Amino acid sequence: MRVYYFTEKEYGLENIFKKRIKISDFSNLNDPFELLGIEMSDRDVRKAVQFEKSKIAKNKGLVCFSETKYDPVQWAHYAENHKGICLGFDIHDDRLKKVKYVSARLARSTLDESDRVEKLLTTKFKHWSYEKEHRLVVDLKKNERTDGLLFENFSDKLVLREVYIGCQSALNFKDVISKLSSNKNDIVIKHTRPAFKDFRIVWDQSKRSMRA
C-alpha cells in the first residue's frame, strides 16, 4: 500500500539521507486519548485500561502515515506549514493498522474481548478522521536507540517511492537528490501547489517532476 508521511524539512531530508524514519512513543503523541478509547467512568475500568495502556506503551511504538498526500491541514500541522515535505512509502498491507474513527468511546466490555489491544491501538475520535491514518506498530525491543531516539530503517518492507516538496518550501530538486545515496530506488520528486478548483494540495505540473 502507498502511504504518506508528513514532516519538517530538516527531519525529512535527514530521513532520506539516513534511510530511516523516527518511531514515536505512545506517551508523546498529540492526542491525549491515545490507547484510552474505552469508556472509563468506572474506577475499576480506568485501572484496567491504564494497565493495558502502560503495557502497550512499554513495548510498542508507532509511525503514523496517511492514505492521502492532498490534505492541506496535514501539510500545515505536520509539514512545517507547507515548508516541509511529504514522503510516500510502499509498505506491506499486513504491517499497517488502519485507524477506526468513532463518535463515542468503546464499551467497557471491550476489555474482555480477545482483540482489545488491537482496538486500543486503532481507535480515535471521529474529528481526527481527516488524517485517514494507518499505523506501523513496531516492537521497541527490536530497535536500537540513537541519541535517545528510535528509528525504523528503510527496507524492502518500507520502501521510499515519492518525495513531495511543500508549496511554501524553499527546497528544490537538487536539495532532495543530494540526500539520496548512490543506491537510488526509482524515487519520484515533485513540487506541490494549492489546487485551482478545490481545497487540496496537488502536484505542480508546471515544474514537472524528477526521477532519482
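These legends describe close-up views of a predicted model.

**View 1. The largest pocket and its lining.** The largest pocket holds about 970 Å³ of space. It is lined by 42 residues, and Tyr5, Phe6, Lys22, Ser24 and Leu29 are the closest to its centre. Strand 4 (residues 60-66) gives the most to this lining, with 6 residues. Sorted by class, the lining has 16 nonpolar, 11 polar and 15 charged residues.

**View 2. Asp31, a buried charge without a salt bridge.** Asp31 sits in the loop between strand 3 (24-25) and helix 2 (43-59). The nearest side chain of opposite charge is Lys124, 4.0 Å away. A polar atom of the Asp31 side chain lies 3.0 Å from the backbone nitrogen of Phe33.

**View 3. Lys124 and Glu34 form a salt bridge.** Their closest N and O atoms are 3.6 Å apart. Lys124 is in strand 8 (residues 123-125), while Glu34 is in the loop between strand 3 and helix 2, 90 residues apart. Lys124 counts as buried at 4% relative accessibility. Glu34 is buried too, with a relative accessible area of 4%. Both belong to a network of salt bridges that also includes Glu131, Glu133 and Arg135.

**View 4. Glu39 meets Arg108 in a salt bridge.** The N to O distance is 2.8 Å. Glu39 lies in the loop between strand 3 and helix 2, and Arg108 in the loop between strand 7 (100-102) and helix 4 (116-122), so the pair ties together parts 69 residues apart in sequence. Glu39 is partly exposed, at 27%. Arg108 is partly exposed, at 38%.

**View 5. Glu52 of helix 2 pairs with Arg116 of helix 4.** The closest N and O atoms of this salt bridge are 2.9 Å apart. Glu52 counts as buried at 6% relative accessibility, whereas Arg116 is partly exposed at 25%.

How values were computed: Residues numbered from 1 in each chain as written. Predicted model: local features only at pLDDT ≥ 70, side-chain atom pairs only at ≥ 80, totals over all residues. Heavy atoms only, no water. 1 Å grid on protein atoms, 1.4 Å probe; cavity = no way out; pocket = protein on both sides within 12 Å on 5 of 7 lines; lining within 4 Å. Points joined across faces, edges and corners; volume = space filled by probe spheres on them. Helix = DSSP H or I, 4+ residues; strand = E, 2+ residues; numbered from the N terminus. Nonpolar A, V, L, I, M, F, W, Y, C, P; charged D, E, K, R; others polar. Buried < 20%, exposed > 50% of the residue type's maximum accessible area, 1.4 Å probe, protein only. Lys, Arg positive; Asp, Glu negative; His and termini not counted. Polar contact = N/O pair within 3.5 Å; in protein donor to acceptor, adjacent residues only side chain to side chain.
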